[in-house]
Protein chains: 2
Amino acid sequence: MPEYSVVGKRVPRVDALDKVTGAALYSGDIILPKMLHGKVLRSPHPHAMIRHLDVTKAKALEGVMAVITAADVPGYKYKSELVFAGNPHLARKKVVYAGQPVAVVAAMNPYIAEEALSLIEVEYEELTPGLDILETMKPDAPLIYTNLYTQGPYGKDTKPSNIAWRVEYRRGDLETGFEEADLIMENTFRTQTVHQGYLEPQAAVANIDLSGKVTVWTQSQGIFQVRALVAEFLNVPLSRIKVVPVEVGGAFGGKTYQLLAPLCALLAIKTGRPVRMEMTRDEVLKASRPAPASLITLKMGVTKEGRITAASAVMLFDEGAFPERPYSSNAAITGLGHYKIPNLKIEALDVLTNKVPSGSYRAPAAPQAAFAVESQMDLIARALGMDPLQLRIKNAAVEGDLLPDGTTFPRIGLKETLERMAKYLTQKGKLEGENRGRGIACGFWRGGVGCSSAHVNVNADGSVNLVVGCVDLTGSRTGLAQIVAEEFSIPFEKVTVVTGDTETAPYSDLAVGSRTTYQMGIAVYRACQDAKAQLARRASLTLGVESTEIEFAQGRFQVKGKPEKSVSLADLASNSISMRGEGPITGRGSVGVPPFAPMFAVHVADIEVDKETGKVKILSYAAAQDVGLAINPTLVEGQIQGAISQGIGWALMENYVFDRGVLQNTTLLDYRMPTAVDVPFMEILLVEVGSATGPYGLRPVGEPPIVPSLATIANAIHDAIGVRLKELPMSPEAIFWSLQPNIKVKQDVG
Amino acid sequence: MPEYSVVGKRVPRVDALDKVTGAALYSGDIILPKMLHGKVLRSPHPHAMIRHLDVTKAKALEGVMAVITAADVPGYKYKSELVFAGNPHLARKKVVYAGQPVAVVAAMNPYIAEEALSLIEVEYEELTPGLDILETMKPDAPLIYTNLYTQGPYGKDTKPSNIAWRVEYRRGDLETGFEEADLIMENTFRTQTVHQGYLEPQAAVANIDLSGKVTVWTQSQGIFQVRALVAEFLNVPLSRIKVVPVEVGGAFGGKTYQLLAPLCALLAIKTGRPVRMEMTRDEVLKASRPAPASLITLKMGVTKEGRITAASAVMLFDEGAFPERPYSSNAAITGLGHYKIPNLKIEALDVLTNKVPSGSYRAPAAPQAAFAVESQMDLIARALGMDPLQLRIKNAAVEGDLLPDGTTFPRIGLKETLERMAKYLTQKGKLEGENRGRGIACGFWRGGVGCSSAHVNVNADGSVNLVVGCVDLTGSRTGLAQIVAEEFSIPFEKVTVVTGDTETAPYSDLAVGSRTTYQMGIAVYRACQDAKAQLARRASLTLGVESTEIEFAQGRFQVKGKPEKSVSLADLASNSISMRGEGPITGRGSVGVPPFAPMFAVHVADIEVDKETGKVKILSYAAAQDVGLAINPTLVEGQIQGAISQGIGWALMENYVFDRGVLQNTTLLDYRMPTAVDVPFMEILLVEVGSATGPYGLRPVGEPPIVPSLATIANAIHDAIGVRLKELPMSPEAIFWSLQPNIKVKQDVG
């Protein structure tokens, strides 16, 4: 690998000082003069017609400045009655989940706003809620939307249903495949709804200027997407909305949705004043977008040597009340995608229920699929008496293999990652001790959607400003600044990276799909090349040779091979703006959706189970991951450690507990997430099989490390106590009951 | 001329609503938590050694957070003892003008800061001040700086002097030229120091973050120049300073100087808190940078037909106490530059005195030179009995003629402008009435220095954001937005123009030299072409032809000559960020100092003199100007009207009154400027001889209309009462005394 001077180094985060001292600006820090406070009235019912909605009394309350309902939303005029576009889904005529916004109030202070909510009169006619996907997916199930036709690979269905999306992938011949197998295994795995668990509740501030232009401050995963959504909600051109970036206190996919900004903007327009809205933790849990529950049935055939001959899967995801995004297709592609399976059939569906709408959560739907597939692989290894790592190495996809959707794997490092873990385990040795077990699992994520653009401005002293419009969730500013420093051969400190607002920054898609450093990295890299090409041309004039004769070496533009005939970046930059200069140096870079740079993670957990309480203690955890090139190993390790912590919570603790569609555990005491004491030391093993597409071989990083973590722990529990748990969370209670085989525990689905 | 759809139209200013309602943000509107207030202690003496400077008592005062003197300025360490670079010239060892900063205090509030100033102990040893340029320029005059060597065309002098700059231009043979003349006339003209008269006094706020980075808000003519200056003053890299643009309440050249920002930034560093500084009107008049006084002696020879055969001039400018910029060279180039003069010698000098340092004021030094030259031309016309317009038309320079500095005139519209005025006067007819007179004069300005760059970001709906880093003094944002709208064939409303800060915006030079719309216009135009080239390439992919086959017509990208095979800007923009898109469209444009696009103005004033009081009443005023193309006639007319108003003040009222070097009239009651009642209706005649270099033939506009105004009024007074005033201001008092030829009035120079 080439030696880089800044890329690959553990430089400190550019935002470190601001973050640790509290100087960083978050949505909640935005306080404007004469600011009003907005509150949302939410439906108490999971499914009901709104027969009557009267806001008169609320409006009459002193200190109330505006009350809005769906009838006030300009953007709703152009949408069909029940199926809507975008958030935040102010209820129209009926409510489809408990927690859905029905009306919104702006008042002088939050207390008056709260009081006003209690004065809003709503008459509901309750409808039977559809709460179990196995019920709502039936052809004769009561419809949540009468005009929803399943979107599938063969177009839309002709008859409405509660199935929002369906994908199906086939390859080879299933029957032949299973005939070739020596062992056929079928299992069903279930996961529950869990929350992304970000620290910072949603908040938004909107202001309106004299021309009617609205400025929005809100945490999000994409300022341009907030702009588009608010503009659509208000039915105004994009140029009437300005979104200012603020720091984000955790997102993990959950802040791709804008639950407050559109409402807040409309309140600002109605009142002519700045308005602030903030969700309580109760609202965050009840009415933001948690990860979907899943039900996956998996049938796999293998030879006695461990070669997979066939696999079929039905993957069901609980989309909740809004047909928003096809999570199931992620599962269909990534769940079995990393194995060579000649005969394959995957059917994956997103099914509506009258529950809180599902959303994206770090590698959306992949952890659920991996929980099923990697648990099954573990069971197969046990059945065949094979080493579970070797079973995976045997079936691992390589460059040129096809994914379930027919796309081809480019250069990938799955085998290298598995082998890295094998080597680590050899060094580590066997796990000894009673009720202890080691679990191994593998994870695949494709990531990398969206497009990006970037500007670099070269300052007169040879320092460089990088301007981007992407949100920094992961330390991406730091990584991008490293690219700029590397490309210009300048010290890291000489790069200033700034997130512009929607008016100053070039466009960027959402910070999702682990894409920012990888894909914005390409745009930044191109912007650097664009600026360097201009600098080379200037250098050619200075040095009196053709542009093609100029090379950039050791921070100077020189005549090829002649360091003695050269000019420095700083001199060129300073000349550029001098009286005889040709003008300032500014570079641009843009990139569409680039080819995928697939990512793989292999995890190993050593655990111990307390059989009396069912509590799992994680003794140690190791994660190997092909990151292409770790642009900043500290940040990469942080991403992996954070993802594993979330995986531990998902595996062992977290669960949305519903009572007839109404969420019961709406505090962080009742919705238990891991704390520092629940999280073990983690060994991070970075594998660097350079991608074909990212600069320096960069691959996306942030999402894959959550993918194998659920199955890793399930496999470890099996190894420790001989019991296979096929349902999450594997709470102390669940483990305890699993150890009492004669007592059957009924699981409540609703 | 081609027909444009947005360029040339009277669209409203983009900042109009904010400005008229007070929503626009100025330096003085910036209030930060825990903000301190800074005040400056100024020298009472025009010339003195500082024998002792003790700030102990001031520092000890409760509420005082910092006191700084020159010894605290990091950037001074690297500068020679008495000659410094940049502003704000905190006195070191000696003071060189009354009003010079000696120490600066930051305190809890402005009252404590004031009190602290009174506790600073300074012992001065007074030196004889040099107050008259005719004295200070003498070889044996006491030196203000012992290490100042005249900068001239032949290098530096070997002996120090009080002459800061000297230029000399020669052409032909003077002796021969005067021999050919039928009439030789020699006169000396004098103008006094006048102020730019902007409404908004200087103010600055500086804050420091945890990393030590300083953010500055201050009105200026260039945010990047503020950055450079503050960085130099503090001796830190550019990247440690961020300058945020605010609106500017008038500048006219006077805000190219940063009198507060560096001090304010240093106070912020010393105290760790935000600091605000604001100048009183007294300080503004006493210690900002007014336009230099001048003394010009002019000898001209003409044939009886009115052809100029020779001219020689000595042009002296009072540089005040700092050798900052060579104003005299502007006068040397523009004063006689617009006439064909075969034999020419011009010597121009900037001479130091112990008075407030001079600065730039709208077409710096050109109005003073035009006062001399155009008064002289009027006298020549009278002597020859020629029509003053015809005399000028006869001698007017045309394309290809040489300027005094040897550069060549490109396409110019001087003759056209003179002829336009001749036509106007024919229509208007003769001026009748007692004590009434008509004056005519001509003005030339070259303008257009500095470099620019710009970004355009195309939004998904086909609207466009323009990002620039230039300060808007004249409505330039509006003009630049018109260029973008024109180039993309979109409505003006679909362009958002934003001034970024020094971290988000691409570099721009100062908003000076009438350059912004003209020259930033070139950068903006190029950025549009860059984006359009990318769009054409995308269109070629969509339409299945080569890029070279694509043309942009009627707002669509089409196959050449085939409007039926086309795609809209909005569709391309929206596709660019779609899943299959090639990435966001962002364009960049950059330009160095472009060729000059010379500008000419011809003014006519009809006036009436009250012989009893000496008061001049301006009956009407007409101004013809070659603007190349009036990008927005309303804004162009506004520039011309504003400049004439300033010219009227300069001609009739304004004057710095010194008493032994100390300014006496330091309020706007004593320093009288024109008000609405002093300013007549002005007829603006726009001439459009397109420049060879500006987009659409644009020329700079803002400065030339002040150039001929002083002489125009002097010539009108002569026409009205038969008296030639060769000295400004032509106050009622001066006119009254001029009508009493037997009484000699002595003018005080000091």
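Predicted model: local features only at pLDDT ≥ 70, side-chain atom pairs only at ≥ 80, totals over all residues.

Trainee: What makes the radius of gyration of chain A agree with that of a compact globule?

Mentor: A compact globule with 750 residues would have a radius of gyration near 27 Å, and chain A has 27 Å, so the value agrees with the rule. Along its principal axes, the C-alpha trace of chain A spans about 85 × 75 × 50 Å. Chain A contains 18 helices and 30 strands, and buried residues make up 60% of its 750 residues. Of the contacts in chain A with a separation of 6 or more, 79% are between residues 24 or more positions apart.

Trainee: Why is α11(B) called roughly antiparallel to α12(B)?

Mentor: Helix α11 (residues 388–395) and helix α12 (residues 414–428) of chain B pack at an angle of about 160°, with their axes 10 Å apart. Angles over 145 degrees count as roughly antiparallel, and therefore α11(B) is roughly antiparallel to α12(B). The crossing of α11(B) past α12(B) is left-handed. On the side of α11(B) the contact is made by B:L389, B:R392 and B:I393, and on the side of α12(B) by B:K415, B:L418, B:E419, B:M421 and B:A422. Sorted by class, this contact of α11(B) with α12(B) has five nonpolar, no polar and three charged residues.

Trainee: How do you know that α13(B) is roughly parallel to α14(B)?

Mentor: The axes of helix α13 (residues 476–488) and helix α14 (residues 516–543) of chain B cross at roughly 30° and come within 9 Å. Since angles under 35 degrees count as roughly parallel, we conclude that α13(B) is roughly parallel to α14(B). Here α13(B) passes α14(B) in a right-handed crossing. Among the residues that meet are B:L480, B:I483 and B:V484 in α13(B), and B:M520, B:V524 and B:Y525 in α14(B). The contact of α13(B) with α14(B) divides into eight nonpolar, five polar and two charged residues.

Trainee: Why is A:K560 called exposed?

Mentor: A:K560 has 11 other C-beta atoms within 10 Å, and a residue counts as exposed if that number is 12 or fewer, so A:K560 is exposed. A:K560 lies in the loop between β23 (556–559) and β24 (562–568) of chain A. If we leave aside neighbours within four places in sequence, A:K560 is in contact with A:E549 and A:E551.

Trainee: What makes A:R436 count as partly exposed?

Mentor: A:R436, which is in strand β18 (residues 436–445) of chain A, has 17 C-beta neighbours inside 10 Å. A residue is buried at 20 or more and exposed at 12 or fewer, so with 17 neighbours A:R436 counts as partly exposed. The C-alpha atoms of A:R436 and A:D719 are separated by 7.2 Å, although these residues are 283 residues apart along the chain. Not counting residues up to four places away in sequence, A:R436 touches A:L431, A:D606, A:I607, A:E608 and A:A720.

Trainee: Which peptide bond of chain A is described as cis, and where is its proline?

Mentor: The bond from A:L728 to A:P729 is cis, with omega near -5°, and A:P729 is in the loop between α17 (709–721) and α18 (732–738) of chain A. A cis peptide bond also joins B:L728 and B:P729, where omega is about -10°.

Trainee: Finally, how many residues does each chain give to the contact between chain A and chain B?

Mentor: The contact takes 43 residues from chain A and 43 residues from chain B. On the side of chain A that touches chain B there are 17 nonpolar, 18 polar and eight charged residues.

Technical notes
Residues numbered from 1 in each chain as written. Chains lettered and ligands numbered in written order. Contact = placed C-beta atoms within 7 Å. Nonpolar A, V, L, I, M, F, W, Y, C, P; charged D, E, K, R; others polar. Helix = DSSP H or I, 4+ residues; strand = E, 2+ residues; numbered from the N terminus. Rg over C-alpha atoms; globule rule 2.2 N^0.38 Å. Axes fitted to C-alpha atoms, helices over the stretch in contact; angles between N-to-C directions. Parallel < 35°, antiparallel > 145°, perpendicular 65-115°, else oblique. Left-handed = near helix turned anticlockwise from the far one by under 90°.
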